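Hi there,

Here is the structure I promised to pass on.

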Amino acid sequence: MTTITLSKCTIDSLIEICAKHGNQTGELINILHEAQGQLGYLPREVQEVIAKQLNIPVSRVYGVVTFYSFFTMTPKGKHPISVCMGTACYVRGSEKVLDEFKRRLNVNVGDVTPDGRFSLGSLRCVGACGLAPVALVGDKVYGRVTVADVDKILKEYDDKE
Amino acid sequence: MSYKMHVLVCGGTGCRASNSLGIIAKLEEALKENNLAGEVQVIATGCFGFCEQGPIVKIMPDNTFYTRVTPNDAAEIVKEHIIKGRKVERLLYKDPKQQASVSDSRHMGFYQKQLRVALRNCGFIDPENIEEYISRDGYAALAKCVSEMTPQEVVNEIKLSGLRGRGGGGFPTGLKWEFASKYQSDQKYVVCNADEGDPGAFMDRSIMEGDPHSVIEAMAICGYSIGASKGLVYIRAEYPLAIQRLKIALQQAREYGLLGEGILGSDFSFSIELRYGAGAFVCGEETALIHSMEGARGEPTMKPPFPAEAGYLNRPTNVNNVETLANIPVIITKGANWFNKIGTERSKGTKVFALAGKINNVGLIEVPMGTTLREVIYEIGGGIKHGKRFKAVQTGGPSGGCLTEKHLDVPIDFDNLLASGSMMGSGGMIVMDEDDCMVAVAKFYLDFTVEESCGKCTPCRVGNKRLYEILDKISRGNGEMEDIDRLRNLGKVIKDTALCGLGQTSPNPVLSTLDNFLDEYLVHINARKCPAGRCKELLSYVIDPQLCIGCTLCMRTCPTEAIIGERKVPHTIDTDKCIKCGTCVEKCKFKAISVR
């Protein structure tokens, strides 16, 4: 595992988030939500700072981070792609769409492309089942996606660096 | 200021995904240009339910229902409909059976059989404006409770109504409240379970987005009846719009004195806070949910003690799901005897279903208990997409099972669904057609359960993994006859021995497909074929040289350049390069490509 060094200002803001929640263990999930909101992900070093502030073992923080699918320990790409794998999208062929993204980007679910531009994930139901199958790039929702659309969608982000 | 006309635009997540906010902006712009901004009001509402036809725009008072509207249509709607009073024909809903357009939503097959109790306000009011909720009898139930009824009378009313929990289990709500009211404690809690994790079900989210005050009012009523002054909403972090609307609603309720100290002049005080889930299906189980709210891993614990005795922070806690709560205010205002006349003998009221999959009218529907699957699928749902043959409907999500043609006339209620080998669950209803493979569907659900198992008990953690592996083996054409018994035995053991509801119900998709579609499993095992054409490893794509005219369309759309050939010469598929995505089959106009 690569080690990263957190900047003083990142550490300070983590301490502030913890303090805002009264350094309460019961607030751990809310603290993690805020930390991930700021930093984009929760690497080990961030978890260590939070554990120290709440006076609990890092294992406890790590246990929570890895338990919930919303929390991630790897940074996302510049344009995070998520393909809905809820049942409604699945029966309308989202698996094929996901496979095509995997093939085009040459990455697996959960990975980031080497240039850091795209990351690929799957999620369970965004609730836009009328548009199934659905894919998201960042906050933008693409509905009724077919395998042939994948290329077009990726091309939209060509000039967006 | 009073408006002559209202334009209701769906502001639910589904329609927002197809740019309903852009429609609102364009409508307001067009109204302003025509100096009508003071006479016609544009309102972003909650979900109308008819998601297949979204984005929806409805004009009141004449109830005209426009479908699949784009921002470019806004100017025409204003110019034609609002100024000249002529309906924009091309945006009206076309009834597929009669081939005629229907302008009034009350005359659409989709709405005719529905009875909206929990969804009564969704699509009618501006969810960000408390006054609209109040004008539709909002908070009247809370006022009635605190001024005219004792806590015990409220509990009795809910008991008499026969309301059962809509989150999955179907436990009588009144009884749950009574348990929580009996325990003495310095603090009690009311929890709203808004951690909707069932993939393909979105009723709770729609209620929170479309009618957040109904949930708040119901929680306060519950607090009054069990003696709690604190409420918590445990909501998925993946629902940003619902969170935003709830926050606005909570703020407004506080400003109006409907939350806080001494509500409506009584000595009852109640406050509500939000707690965020972080994506764990098991947190729908109430003990797991409580641990998650305490900041820990959402692992369930043995019951008893039930949350009614020792729940959040070890205090008596009552947990109800969003849809259950949305029914409470109506039961109080209209009376238990009004509510318990709807539905079947043991399942009272209505149920909201998220109808999705291979059906014409995808959307959110609410029907009286006792409605048959046939009515839901063919009358409300408008039948199967592309005229294909109905194969199965999956209810209850990963905990439920598949129902088939023989179950179409069973009246839907908690007990009948259980007896048919499925369950109500939270109300996901996924319709499948002849192209869906039941082995693949069972594998899909098991994949979900394996991923979502919290890992605490062995039957669920290891057992489901083994079930998945056996299904995977069958779907790859490596199954053996003994696997059928292995699936059945292991499934039974998991059901009998798992710790919580998630584990105990997780084998249901396998067991119910084995019961109803055994033949399909046998074909996978014996003939190493997938009759529905879904299991990739068992398929190959072939071009019929008699039918192929060599138009090169498939060649050009194939993402892997696996199709070889020249113009006007029948093409062939390089099976090494083919990724079996099916694009060529969809594109070919001559039906020359088949799956074997």
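Below is what I found, after a word on conventions.

This is a predicted model, in which local features need pLDDT of at least 70 and side-chain atom pairs count only at pLDDT 80 or more, while totals for chains, interfaces and linings use all residues. Residues are numbered from 1 along each chain as its sequence is written, and chains are lettered from A, with ligands numbered from 1, in the order in which they are written.

Let's start where the chains meet: 36 residues of chain A are in contact with 40 residues of chain B (C-beta atoms, placed from the backbone, within 7 Å). On the chain A side, α2 (28-39), α4 (58-67), α5 (87-91) and α6 (94-105) each supply at least two residues (helices are DSSP runs of H or I, at least four residues, and strands runs of E, at least two, numbered from the N terminus).

Chain B also has an open sheet of 5 strands with mixed pairing, in the order β12-β11-β15-β13-β14 (strands pair if DSSP finds at least two bridges between them). Its edge strands are β12 (363-368) and β14 (401-403). Inside this sheet, β13 (390-395) and β15 (428-433) of chain B run antiparallel, joined by 5 bridges; B:Val393 has B:Val431 as its bridge partner.

Finally, the axes of α6 (140-148) and α10 (212-226) of chain B come within 9 Å and cross at roughly 15° (axes are lines fitted to C-alpha atoms over the stretch in contact, with angles from 0 to 180 degrees between N-to-C directions). The two helices, α6(B) and α10(B), are therefore roughly parallel (under 35 degrees).

Best wishes

Methods:
Contact = placed C-beta atoms within 7 Å. Parallel < 35°, antiparallel > 145°, perpendicular 65-115°, else oblique.
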